[in-house]
Amino acid sequence: MFPVAEFINRAVMVGTSLVLGSTGEILTEKSGNLNLGIPGIMCSGAVSGLIGGFLYINSGAKFSAAAAVAITLAACCLGSLIVTLIYSFLTITLRVNQNVTGLALTTFGVGLANFFGGSLKQLSGADSISIVKIAKAYKASLPFASKLGDIGKILFSYGFIVYLAIIIVLVVSFVLKKTRVGLHLCAVGENPATADAAGINVTRYKYFATCIGGMISGLGGFYYFIDYMNGSWEDASKISQCGWLSIALVIFAIWRPVIALFGSYVFGGLWILYNYTGFSVQMEPIINMLPYVVTIIVLITVSLRRKRETQPPASLGLNYFREDR
Amino acid sequence: MTATSKTAESRVENAHEPFISITRRTSSTIGRSLVVRTVAVVIALIICAIITVVLTGENPINVFVSMFEANFGNLNLMMVSMQELAILLLVSLAVTPAFRMKFWNCGAEGQALFGGLAAALVMLLWGGKINDILLLAATLISSILAGVIWGVIPSVFKAHWNTNETLFTLMMNYVAMQLVKFFIKIAAKDGSSVVDPDMLRFSTESGEIFTSAQKFLIIAGFAVIVTIFSFIYLNYSKHGYEISVVGESENTAKYIGINVRKVIVRTMAISGGICGIVGFLLVTVSSRSINPDIVAGRGFTAIMVSWLAKFNPLIMILTSFLLVFLKIGAGNVAMNFRLSLSFSDILTGIILFFIIGCEFFLNYKVRFNFCRLGSQKKR
Amino acid sequence: MNTEIIENKNQKNSVLALELKNITKAFGTKVVANKNVSLDLRRGEILALLGENGSGKTTLMNMIAGIYHPDEGEIIVNGEPASINSPKDSFGYGIGMIHQHFKLVDLFTATENIVLGIKDGNGFNIKKSSERVAEIAGKYGFEIDPDRKIYTMSVSEKQTVEIIKVLYRGADILILDEPTAVLTPQEIEKLFNVLRRMRDDGKSIIIITHKMNEVLSLSDRVAVLRKGEHIATVNTAETNEFQLTEMMVGKKIVLNIERTEPHDTQKRLEIKNLEVVNGEGRHVLKNVSFDVFSGEILGIAGIAGSGQRELFEAIAGLQPINNGEVVFHNPKKDKPVSFFHKSYERVVELAKEGKFHYADGTHVDFSGMKHSEIKKLVEEEKVLFYEDEIIDLRDKTPLQIKELGIHLSFVPEDRLGMGLVGSMDITDNMMLRSYRKGHSVFVDRERPKKLAEEIINNLEVVTPGVGTPVRRLSGGNIQKVLVGREIAAAPKVLMAAYPVRGLDINSSYMIYNLLNEQKKKGVAVIFVGEDLDVLMALCDRIMVISSGKITGTLDGRTAVKEEIGRLMTQTEGVNEIDSNK
């Protein structure tokens with residue numbers, strides 16, 4: 001029989017990376033910045049967490065799960081923030097082309113991740129660079145989850161980041177819809193000249209949105225690495241693919257984090273679908289193609305149905321310069 | 001305002017001004033842009049040098065010597081780097097017409113890969129069974145056709161429904177990759193993940209019909225021809241003119257009766273076709289094998305090459321040289337120190353950031369108002 | 001800071017509300033927008049800021065509003081030197097500006113737009129804010145639904161939102177940048193009443209305008225700017241239109257546009273029951289019918305956005321037509337074929353359809369003839385048309401229209417967005433119309449270059465050369481390039497939408513002359529304008545459009561302004577008038 005609970009469990013795990021990735025990008029895009037560097041940021045977030053965890057384990061301090069989690073999370077956020085700041089500075093302060101900057105950032109971020117992932121051993125002289133120990137801390141779930149059978153497995157068996165991701169989605173959604181900050185942010189993305197004239201500091205909002213968005217996305221990358229990859233480094237290609245899918249999910253979600261949440265779980269399901277089908281090994285690539293094909297179909301469907309409220313932020317991809325007349 | 005001295009009074013006027021004032025430049029000379037870009041590259045190289053030194057502990061001069069040697073150390077190495085240059089240049093030329101039209105084709109990777117897949121398929125089926133020249137022609141044509149198909153699909157949707165082309169083409173890359181994996185799984189009987197030269201062979205005993213020098217000449221030849229073609233096509237042909245108009249303003253294009261949809265699809269067909277040639281060169285001429293990473297991210301690098309050259313095919317020779325030099329050189333440095341080859345991506349990224357960032361100083365004028373600092377303290 | 005200002009205000013009631021001292025602002029090294037301007041605004045007055053387009057009015061006001069920063073000079077608010085570096089600073093001083101291009105977020109509701117950027121320390125509560133908006137609206141007599149989204153609103157409603165936005169912030173000094181340009185006379189009157197009520201409430205108002213009657217009927221004082229310099233400030237009661245015009249334009253200019261009698265008029269274009277629904281599903285043209293004649297100028301008057309653009313685009317094949325016909329009449333009967341057709345393939349095709357006869361009346365049939373023979377016959381003008389050509393242009397693309405041999409020239413309203421490509425040089429812009437000529441795959445830049453040079457010489461275009469991107473040229477020169485190119489195509493019909501918008505007086509007159517020249521050449525000219533005086537001086541007939549309907553057509557020589565104004569705003573009973581015809 002098809003292991004439904006197991007499947008949903010894994011789908012949610014992969015989906016959570018996508019949730020964080022796309023929520024970060026939604027926040028970024030709401031400020032009018034299209035960040036194609038998300039794949040790079042997610043990879044950097046993952047590798048920063050890895051470096052943090054690695055340094056902690058090798059520091060000789062007595063291992064504590066809480067400290068390990070705190071350090072890796074902090075390292076991940078810091079790493080993603082620094083990388084995102086490159087993008088923010090170039091596009092917001094220097095006002096250069098967002099697409100090109102984003103792609104360069106992806107090259108840089110993926111390179112950074114592969115470099116440190118691949119060279120950490122060499123650089124430090126350590127025997128192994130796995131942080132499986134810390135990964136276990138991330139996987140710790142509620143104690144009663146295993147007693148509740150399938151329900152427990154579907155709802156309660158995840159590490160805390162899955163729930164944190166849901167909370168982040170709800171918070172971002174609330175901030176965007178119900179708060180003054182959200183209103184101002186949307187105004188910046190829709191019409192920066194108007195926001196500027198209304199006394200909103202466009203630059204500051206853009207910086208905050210891209211940086212916080214970048215950190216959320218970076219966390220998504222790190223989560224993929226620590227949970228799905230069990231904290232042992234292979235290479236960054238899967239994480240960067242997650243990044244591209246996250247960007248595509250933003251369109252799927254018509255810039256609404258809650259829709260992105262469910263969309264991500266669905267895509268997570270497609271991502272791992274092959275392992276749960278009885279197809280021959282030859283068919284694996286065909287099944288693995290599904291997320292991309294579905295994304296294409298979604299892109300087409302969204303473009304066919306044009307409605308004012310479902311359009312991207314009006315100034316998406318354009319840099320704002322006050323004295324442009 | 002409590003300041004009473006006359007000097008403070010005279011500062012009041014300036015105090016109203018923001019500390020940094022930025023204005024848009026109305027014009028920029030070629031000389032200026034050369035200077036700014038050179039300075040940017042130099043600063044970037046210095047930073048790269050510092051990073052390299054920190055990571056390897058090697059003297060920076062030695063590092064650059066080692067990078068240079070990796071590219072030009074001997075005739076063979078030189079041929080390799082020039083071949084690499086030619087391939088990257090071709091991919092860059094492929095994406096350029098689309099970019100001139102403001103069509104963000106991030107799918108060169110997939111278009112080239114799909115072209116390569118077609119070549120591999122033809123070679124697998126007919127290799128050794130038909131005349132080699134015929135086989136060569138068949139692979140070339142099928143590669144081009146495959147590239148065209150892969151490029152035209154997203155463009156049709158873009159043209160008719162304004163479907164987001166950046167993501168569409170990106171996703172097409174992954175679809176092409178999976179198709180190549182599928183092909184390999186079917187073709188390689190022993191379950192291996194590569195299709196090796198033994199299966200994609202010509203009728204000669206070794207399976208090879210070109211010497212490595214010939215391979216180089218063929219690839220370089222294609223690069224030269226396509227560069228010249230692109231330069232003329234974009235700047236002097238009616239099609240090229242239409243591409244520019246559509247890129248600058250779709251409304252103007254419609255106003256003068258250009259069929260915008262046709263131009264979009266046609267241009268992407270050309271883009272895809274050139275990518276198909278790259279697929280042919282990589283699979284049939286250069287390696288006689290195929291794997292999902294055979295294009296190796298050149299589709300993205302090409303976007304930078306093209307953009308940095310301001311979509312000018314001749315300047316692209318220069319920009320693609322810069323990136324290839326770095327890639328091979330930094331790769332060599334990394335290898336010498338047993339570091340990951342991705343080191344070159346980091347250096348490439350840094351240099352790109354600087355070259356991209358320096359655009360700001362070409363488009364804007366920055367003026368610092370130091371008086372403001374002084375007067376602010378007095379408040 | 002706010003409370004401080006209010007205290008100040010109470011203490012020194014006699015102090016000026018706003019004072020500008022020696023303000024200078026330049027863009028780049030060449031364009032000096034304001035030179036040494038000193039102005040003052042009293043409390044509780046309406047000051048009109050009068051000046052031609054490009055005289056620096058908006059730039060000056062933008063500096064008060066914090067959009068720009070003066071290069072030199074001082075702004076004094078309520079007697080205190082003010083440091084205004086951003087719009088926020090400006091709000092802090094109680095200054096609010098209503099821009100000509102509304103600064104509203106289309107996707108937001110009125111209230112959301114109004115509270116945008118306010119940090120009053122109170123909780124964020126849209127509902128409460130909505131009530132506050134309604135309250136302010138009630139106080140001054142605005143009509144508005146606070147919860148409606150901006151993109152569903154009319155221009156006048158959007159303006160109302162802008163004004164309430166400023167009042168909501170408690171502004172004492174209001175700056176309005178050409179608020180009447182987009183309003184109907186009724187809406188203008190309403191706005192003026194609101195403004196007067198605000199003045200009586202103690203607010204200080206600056207209104208930017210270049211309409212004399214508004215200056216005279218509304219303002220207490222008038223400040224005149226010319227070429228970035230402050231000419232004078234006078235009391236409205238002590239001045240008159242003549243004096244103000246003189247100050248505004250410098251020397252006395254005879255507002256006299258040449259108008260010849262139309263001659264040899266023939267029906268050229270016939271629009272029948274045209275219906276157009278735009279992309280958003282709005283009915284932008286309703287049952288529009290009219291004729292256009294060769295050798296005359298047909299003026300179209302109407303509030304901006306009443307369907308003028310869609311009408312032109314529908315004729316030019318750029319706008320899908322939902323219903324009706326656009327019929328082109330080409331009087332060709334018994335005229336030689338060579339006059340019209342340069343493509344011999346097309347001539348042969350038409351001959352097969354029986355369109356031609358020889359001079360002696362016998363039927364033309366080219367079958368079996370060589371191209372060179374046909375060419376000879378046509379060039380010797382031996383082949384004549386049987387009848388006038390009547391072509392329905394509906395559902396034809398611009399290219400198809402062109403291929404039919406119909407020279408339709410169109411000077412669109414959006415010069416750089418539609419008529420020209422800003423980043424291309426003048427030569428390449430000339431090529432837009434002609435690049436298809438010939439069978440070569442390459443473009444010919446020689447002829448366009450010559451044309452560019454001719455236009456630069458004949459129309460006195462100020463440019464460093466033919467290689468300059470048109471974006472770098474001034475508005476007037478851009479327009480000359482565009483009009484020059486459109487006229488060079490030897491059109492049968494010339495449509496010009498707001499061809500003098502943003503142009504100085506000299507350039508405007510050059511455009512009027514060009515239109516008149518075309519009229520004399522027998523071209524059917526359609527002119528969409530906004531200045532009624534110009535329409536009445538230039539056009540032979542004036543057609544008025546209101547909300548997508550034609551409300552009347554008047555003789556340009558006898559029309560009176562009031563009548564045109566009435567038709568421009570007429571929205572009811574239009575259908576009855578049409579059916580009575």
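Analyst: Asn230(A) lies in the loop between α10 (202-228) and α11 (237-252) of chain A; helices (H or I, at least four residues) and strands (E, at least two) are DSSP runs, numbered from the N terminus. Asn230(A) is not a glycine, yet its phi is positive, near 60°. The residue counts as partly exposed because it has 14 C-beta neighbours inside 10 Å. Under the criterion applied, 20 or more other C-beta atoms within 10 Å make a residue buried, 12 or fewer make it exposed, and a count in between makes it partly exposed, with C-beta atoms placed from the backbone.

The model is predicted, so local features are given only at pLDDT of at least 70 and side-chain atom pairs only at pLDDT 80 or more, while totals for chains, interfaces and linings use all residues. Residues are numbered from 1 along each chain as its sequence is written, and chains are lettered from A and ligands numbered from 1 in the order in which they are written.

Asn78(C) is classed as buried because 23 C-beta neighbours fall inside 10 Å.

Chain A, which carries Asn230(A), touches chain B through 42 residues of chain A and 38 residues of chain B, where a contact means that C-beta atoms, placed from the backbone, lie within 7 Å. On the chain B side, the elements giving two or more residues are β1 (20-24), α6 (132-161), α7 (165-187), α12 (298-308) and α14 (343-363). That side comprises 22 nonpolar, 10 polar and six charged residues; Ala, Val, Leu, Ile, Met, Phe, Trp, Tyr, Cys and Pro count as nonpolar, Asp, Glu, Lys and Arg as charged, and the others, Gly among them, as polar.

Chain A also meets chain C, with 18 residues of chain A in contact with 15 of chain C. Helix α3 (residues 87-92) of chain C supplies the largest share of the chain C side, three residues. By class, this side of chain C has 10 nonpolar, two polar and three charged residues.

Chain B has 15 helices and two strands, and 50% of its 379 residues are buried. Its C-alpha trace spans about 95 × 60 × 35 Å along the principal axes. The mean pLDDT, the predictor's confidence in each residue from 0 to 100, is 86 for chain B, and 90% of its residues reach 70 or more. Residues 1-16 of chain B have pLDDT below 50, and this stretch makes 16 contacts beyond near neighbours in sequence. Residues 372-379 of chain B are likewise below 50, with 10 such contacts.

An automatic or database domain assignment divides chain C into domain 1 (2-249), domain 2 (262-322 + 395-407 + 490-581), domain 3 (332-387) and domain 4 (422-486). The C-alpha centres of domain 1 and domain 3 of chain C are 66 Å apart.

One open sheet of chain C has six strands in the order β6-β7-β8-β3-β9-β10, with mixed pairing; two strands pair if DSSP finds at least two bridges between them. Its edge strands, each pairing on one side only, are β6 (95-98) and β10 (229-235) of chain C. Within the sheet, β3 (residues 46-50) and β9 (residues 221-226) of chain C run parallel and are joined by four bridges, and Leu50(C) has Val224(C) in β9(C) as its bridge partner. Helix α7 (residues 185-200) of chain C packs on this sheet, touching β3, β7 (173-177) and β8 (204-209) of chain C, and its direction makes about 150° with that of β8(C). Axes here are lines fitted to C-alpha atoms, for helices over the stretch in contact, and angles run from 0 to 180 degrees between N-to-C directions.

Terms used:
Two residues are in contact if their C-beta atoms, placed from the backbone, lie within 7 Å.
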